[in-house]
Amino acid sequence: MEEERRRAEEAARLAAIEAAKPKPPPFTMQYLGNFGTRDRKLAVFSDGKKTRNALEGEVIDNKFIVARIGYESVDIRFVGFPDVPAKRLGVRQP
């Protein structure tokens with residue numbers, strides 16, 4: 001009984017530590033596709049109001065990094081979160 005209580009307390013402590021860690025902001029824009037040359041692709045994003053173009057390596061809104069522009073997808077990384085895996089977005093379907 002005491003062992004179960006200690007395990008539950010430890011699990012709660014670890015869950016609280018994980019919950020307190022900062023998390024990257026959500027990326028809410030849609031990826032519409034890309035254009036340009038093979039060496040200079042521009043990714044196109046929309047938030048429903050505004051359309052934005054970004055080169056590979058460019059930072060959007062001081063929060064998001066266009067890490068890689070693929071054929072039908074783009075990888076987004078997060079400023080200040082180098083250990084968080086990139087988020088891959090496919091082209092938005094109409």
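Which strand is Ser46 found in? I looked it up: Ser46 sits in strand 2, residues 40-46. Strands here are DSSP runs of E with at least two residues, and helices are runs of H or I with at least four, both numbered from the N terminus.

First, a note on the source. I am working with a predicted model, where local features need pLDDT of at least 70, side-chain atom pairs count only at pLDDT 80 or more, and totals for chains, interfaces and linings use all residues. Residues are numbered from 1 along each chain as its sequence is written, and side-chain values use heavy atoms, with hydrogens and water left out.

**Entry: Ser46**

Is Ser46 buried or exposed? I find Ser46 buried, because its relative accessible area is 14%. Buried means under 20%, exposed means over 50%, and partly exposed lies in between (1.4 Å probe, protein chains only). I then checked the side chain. A polar atom of the Ser46 side chain lies 3.0 Å from the backbone nitrogen of Gly48. Next came contacts, meaning heavy atoms within 4.5 Å. Setting aside neighbours within four places in sequence, Ser46 contacts Met29, Gln30, Leu32 and Thr51.

**Entry: the core**

I turned to the largest nonpolar core, which has 15 residues. Such a core is a set of buried Ala, Val, Leu, Ile, Met, Phe, Trp, Tyr and Cys residues joined through side-chain atoms within 4.5 Å. Phe27, Tyr31, Phe45, Ile60, Val66, Val74 and Ile76 touch the most other members. Strand 2, strand 5 (64-69) and strand 6 (73-78) each supply at least two residues of this core. In soluble globular proteins, nonpolar side chains tend to be buried together.

I followed the pairing next; two strands pair if DSSP finds at least two bridges between them. Strand 4 (residues 59-60) runs antiparallel to strand 5, with two bridges. Ile60 has Phe64 as its bridge partner in strand 5.

**Entry: Asp75**

Which residue stands opposite Asp75 of strand 6? I found Arg68 there. Asp75 counts as buried because its relative accessible area is 10%. Its side chain makes a polar contact with the side chain of Arg88, at 2.7 Å. A polar contact is a pair of N or O atoms within 3.5 Å; within protein, one must be able to donate a hydrogen and the other to accept it, and residues adjacent in sequence count only if both atoms are side-chain atoms.
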